[in-house]
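Please keep the sequence and the model in view while reading.

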Amino acid sequence: MAATAAANKSLWSKVSISIASLLIGICLGAQFNIIGSLMNANLEGKGAPYLDGGIPDYKAEQREKSLVSTDNNNGKQPSYLNWQDTSPEVPSNWSFVNPQYCLSCDSCHQKWLQIAPTSMKNTTKKIIVHYHMQHNAGTNFFALAHAYTPCATRACWQIHKHCLISYNEEVEAENIRRNYYQHGVQYVSYENMLPPRFPLPFVSESAREGLFFTTIMRDPMKRLVTWLRKIQKVPQLNKKNEMGGAPPDFFWSELEGNRGVYKRENLNVRWLSGALDDVTPDHVNIAKCRLQLFDLVIVDTTYDVAVEEVICPLNNWQLDELGRSRCNAAAVPRNDIKKPNPLNGTDSHFVGAWIERLRPSFELYDYARILSYLQLKHRGVKNVPKLSEIPSYIDTLERYTDTPIKLNSPEESLVKLKNIDRFHPPKELCDSLTKLWVSNADEVPYVNGIGTFAGGRVWTSNG
């Protein structure tokens with residue numbers, strides 16, 4: 001104990017940002033060194049490695065963990081797929097309920113039925129299926145779709161039969177298409193943590209017919225700041241303590257056993273993988289395997305060009321019903337008021353701890369940036385914003401701690417297309433997941449969250 005205390009004291013005296021790793025290690029029992037394994041980063045001029053000790057090869061470590069997780073001999077589910085699979089109670093009168101603002105008048109609905117397609121084979125239109133992770137610009141994306149489509153769900157509801165009716169992707173896909181034919185729902189937004197077995201995006205060509213899958217991923221720290229700014233408006237969440245005045249409850253709630261679908265750290269990784277407890281390399285890789293299946297992954301830096309060059313031309317969106325163009329970024333009114341950062345004035349150790357805790361999200365975000373760039377280029381978009389090569393974790397550390405960081409192996413560590421193999425999930429894992437996702441039985445998924453049969457917002461390790 002004395003030696004540990006002395007070592008901790010030494011770290012405090014060397015460099016303040018090292019507290020991030022120390023604090024996470026003490027609070028959570030272990031550090032999640034995904035991005036750290038991509039680089040051996042030193043704090044320039046400090047003479048001490050940021051990550052003390054050797055870091056195993058990322059690719060080998062991930063591959064080993066992913067494959068070892070599956071117990072093929074005993075026929076057990078892999079550890080990363082263990083989730084409560086209790087079938088929810090479904091009412092006998094379960095049927096479609098019109099989303100708000102969608103063809104709300106009888107005459108509107110009748111007009112739609114006169115022009116509605118009866119098959120995706122005889123229409124050039126696409127149904128946009130969006131995966132909306134909270135505070136990732138999904139609301140803005142919905143507003144765009146709502147302006148141009150007969151009907152758009154801001155968040156599809158299971159209880160109203162908008163989505164989540166079956167683990168079987170063919171059944172789920174047919175429900176989406178039927179809702180378009182009969183009710184004009186051309187934009188479906190899933191806004192729930194996905195059960196690991198749930199197939200989204202769909203895998204088979206038949207299930208994907210007429211559908212276009214999208215998701216948006218923001219810089220993890222910017223997403224966090226948006227969340228903190230929001231909870232400042234909620235008195236019961238805006239509690240302060242001696243850590244410097246920023247709302248700390250979100251950070252410490254995990255340690256106190258308070259867990260929520262919409263409040264957890266590393267939300268993007270958790271929602272894409274279904275991670276209920278600690279985030280593991282398996283969960284990050286599941287999230288990456290899902291990302292590979294989206295027709296278009298959008299990140300904050302590619303949002304405008306993605307909307308203008310891909311999303312709007314997809315269904316020939318030009319002018320909305322008021323004669324306005326929402327597809328040209330230059331023509332869309334912007335709120336340029338600079339909002340205060342709720343972390344301003346916060347103890348730097350606390351901010352460093354936040355950054356450290358978000359390492360899985362930074363790893364996933366960098367992969368999303370590469371995918372977004374490649375997908376836009378593949379679709380012929382010429383003015384794709386240049387891909388920033390600095391790993392987002394390192395960039396965030398430098399910006400928030402004012403600490404210059406030197407990479408020992410910059411070429412191997414940078415976010416570049418030639419380094420994409422350093423970010424890819426193990427192919428064996430993705431192959432096993434896609435086989436699972438196309439073989440699900442026709443069962444109603446058990447999902448917690450708004451609009452689901454289970455209801456509520458709280459998850460625990462016991463379900």
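## Backbone features in the loops

Lys161 lies in the loop between β3 (151-152) and α6 (169-183), where helices (H or I, at least four residues) and strands (E, at least two) are DSSP runs, numbered from the N terminus. This is a predicted model, in which local features need pLDDT of at least 70 and side-chain atom pairs count only at pLDDT 80 or more, while totals for chains, interfaces and linings use all residues. Residues are numbered from 1 along each chain as its sequence is written, and side-chain values use heavy atoms, with hydrogens and water left out.

Although Lys161 is not a glycine, its phi is positive, at about 60°, and with a relative accessible area of 23% Lys161 is partly exposed; buried means under 20% relative accessible area, exposed over 50%, and partly exposed in between (1.4 Å probe, protein chains only). Asn316, in the loop between α12 and α13, likewise has a positive phi, near 60°, in a residue other than glycine, and Asn316 is exposed, with a relative accessible area of 54%. The peptide bond that joins Leu200 and Pro201 is cis, with an omega of about -5°, and Pro201 lies in the loop between β4 (185-190) and α7 (205-208).

Helix α14 (residues 359-378) has 20 residues, which at 1.5 Å a residue should span 28 Å, and its end C-alpha atoms are 29 Å apart, which agrees; the expected span is 1.5 Å times one less than the number of residues. Because 17 of its 20 residues are buried, α14 is largely enclosed by the rest of the structure.

In α17, the buried residues are Leu429, Cys430, Leu433 and Trp437. Seen down the helix axis, these buried residues fall within an arc of 95°, so they line one face of α17, the arc being that of the directions from the helix axis to the C-beta atoms. On the other side of α17, Lys427 and Lys435 are exposed.

## Aromatic pairs

A pair of aromatic rings is described by the distance of the centres and the angle of the planes. The structure holds eleven aromatic pairs, counted where rings of Phe, Tyr and Trp (its six-membered ring) have centres within 6.5 Å, with planes under 30 degrees apart called stacked, over 60 edge-to-face and the rest tilted. Two of them are set out here.

| Pair | Distance of centres | Angle of planes | Class |
|---|---|---|---|
| Trp94 and Phe453 | 5.2 Å | 75° | edge-to-face |
| Tyr148 and Trp317 | 5.1 Å | 5° | stacked |

The pair of Trp94 and Phe453 links distant parts of the chain, 359 residues apart, with Trp94 in the loop between α3 and α4 and Phe453 in the segment after α17. Trp94 is buried, at a relative accessible area of 15%, whereas Phe453 is partly exposed, at 22%.

Tyr148 lies in helix α5 (residues 138-148) and Trp317 in the loop between α12 (303-314) and α13 (348-357), so this pair ties together parts that are 169 residues apart in sequence. Both Tyr148 and Trp317 are buried. One aromatic cluster is formed by Phe141, Phe142, Tyr187 and Tyr303.

## An exposed loop residue

Ser104 lies in the loop between α3 (58-68) and α4 (106-115) and counts as exposed, at 67% relative accessibility. The C-alpha atoms of Ser104 and Cys151 are separated by 9.6 Å, although these residues are 47 residues apart along the chain.
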